[in-house]
Amino acid sequence: MWSALRFSLLPAIRLYLLGFKVLLSQLLNKPLRLPVMPRQDGKVSIVTGGGRGIGYEVVRHLARLGDHVIIGGRDEQEGLAAVRGICEENKDAKAGVMLVPEGRTHDGFEQHFGVNYLGHFLLTWLLLDTLKDSGKSGCRSCVVSVSSSAHCIGEIRLNDLNSCQHYSAHAAYCQSKLAQLLFSSQLHQEMQQGGFLVSSRAVDPGMVDTALYCHLWAPLRLAQRVIARLLFRTPAEGAATVLSAVLDGSCEGGYWASGRREVTTPTTSDLQLQPSLWEVSMQLLGLQ
């Protein structure tokens with residue numbers, strides 16, 4: 001009984017307590033506003049999940065700045081072949097899922113891990129040569145992974161990344177968001193060590209009023225709809241942090257939240273866990 005409690009109820013309690021803390025922080029801070037951004041004429045951006053929510057706001061703003069934007073999106077149960085198809089067509093993948101019932105992608109990966117993490121890992125890998133070549137022209141390329149504050153309570157189990165031993169939608173979601181940060185940090189190190197003009201950053205847009213919460217338990221979903229109107233950020237406000245990271249011209253990587261670069265948990269800079277997850281991910285994706 002304790003085992004079931006540990007792997008199902010406790011992750012949910014921790015995630016909802018964290019959500020309360022984040023909401024309180026958002027309430028006490030001023031709404032995010034984008035600073036004046038430079039024109040992006042001649043640049044190309046690929047935005048996954050750009051058809052709605054935060055992604056749509058990012059697309060809209062970048063297009064206004066003259067950026068050529070390619071929108072990618074896919075069904076949450078589709079496999080990695082969909083990501084490869086995007087790359088074959090336009091070099092340009094639904095962007096993320098949260099608290100979905102236990103299930104697998106067509107490739108057999110747990111949905112949070114497959115959609116939130118592996119799909120974006122593969123997309124970045126397939127575009128890496130293009131990113132490197134783009135940086136050679138003197139204009140730095142940038143990979144921005146949209147993570148979440150949930151990463152700070154995530155746990156990476158390298159021997160059970162697909163949550164086969166114990167499944168908790170809450171734990172699986174947090175694991176996928178921590179994996180994104182570890183990947184982002186490792187990618188940045190790889191690019192800097194190789195001398196490439198490619199930066200990698202992870203972003204927390206905060207709690208934003210989007211369709212991401214559609215899998216909440218029905219009573220919680222009803223409460224969320226009411227609270228969201230009062231305390232959640234709008235998609236435009238959530239996009240502000242993403243755009244701040246996208247359009248920052250420095251060579252820095254790291255973690256961005258509330259429109260600025262911030263320090264995160266020690267786990268995300270674990271020099272053993274980062275390359276270990278990278279190596280396992282490469283094996284799972286058949287990239288070795």
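Modeller: Tyr-117 is buried, with a relative accessible area of 2%. The model is a predicted one, and the values below are computed from it. Phe-121 is buried as well, at 1%; both figures fall under the 20% cut-off for that class.

The structure holds 7 aromatic pairs. Tyr-117 and Phe-121 make up one of them, an edge-to-face pair with 5.9 Å from centre to centre and 70 degrees between the planes. Phe-121 also pairs with Phe-183: the ring centres are 4.8 Å apart and the planes meet at 40 degrees, so this pair is tilted. Because Phe-121 lies in helix α4 and Phe-183 in helix α6, the pair ties together parts that are 62 residues apart in sequence. Phe-183, like Phe-121, is buried. Ring pairs link these residues into a cluster made of Phe-113, Tyr-117, Phe-121, Phe-183 and Trp-278.

Leaving aside residues up to four places away in sequence, Tyr-117 touches His-112, Ser-176, Ala-179, Gln-180, Phe-183, Leu-277 and Ser-281.

The largest nonpolar core has 25 residues, and Tyr-117 and Phe-121 are among those that touch the most other members, along with Ile-156, Leu-187, Leu-277 and Leu-285. Two or more residues of this core come from each of α4 (111–126), α5 (128–136), α6 (169–193) and α9 (273–284). Helix α6 gives the most, with 6 residues.

Conventions
Residues are numbered from 1 along each chain as its sequence is written. This is a predicted model: local features need pLDDT of at least 70, side-chain atom pairs count only at pLDDT 80 or more; totals for chains, interfaces and linings use all residues. Side-chain values use heavy atoms; hydrogens and water are left out. A nonpolar core is a set of buried Ala, Val, Leu, Ile, Met, Phe, Trp, Tyr and Cys residues joined through side-chain atoms within 4.5 Å. Buried means under 20% relative accessible area, exposed over 50%, partly exposed in between (1.4 Å probe, protein chains only). Helices (H or I, at least four residues) and strands (E, at least two) are DSSP runs, numbered from the N terminus. Contact means heavy atoms within 4.5 Å. Rings of Phe, Tyr and Trp (its six-membered ring) pair if their centres lie within 6.5 Å; planes under 30 degrees apart count as stacked, over 60 as edge-to-face and the rest as tilted.
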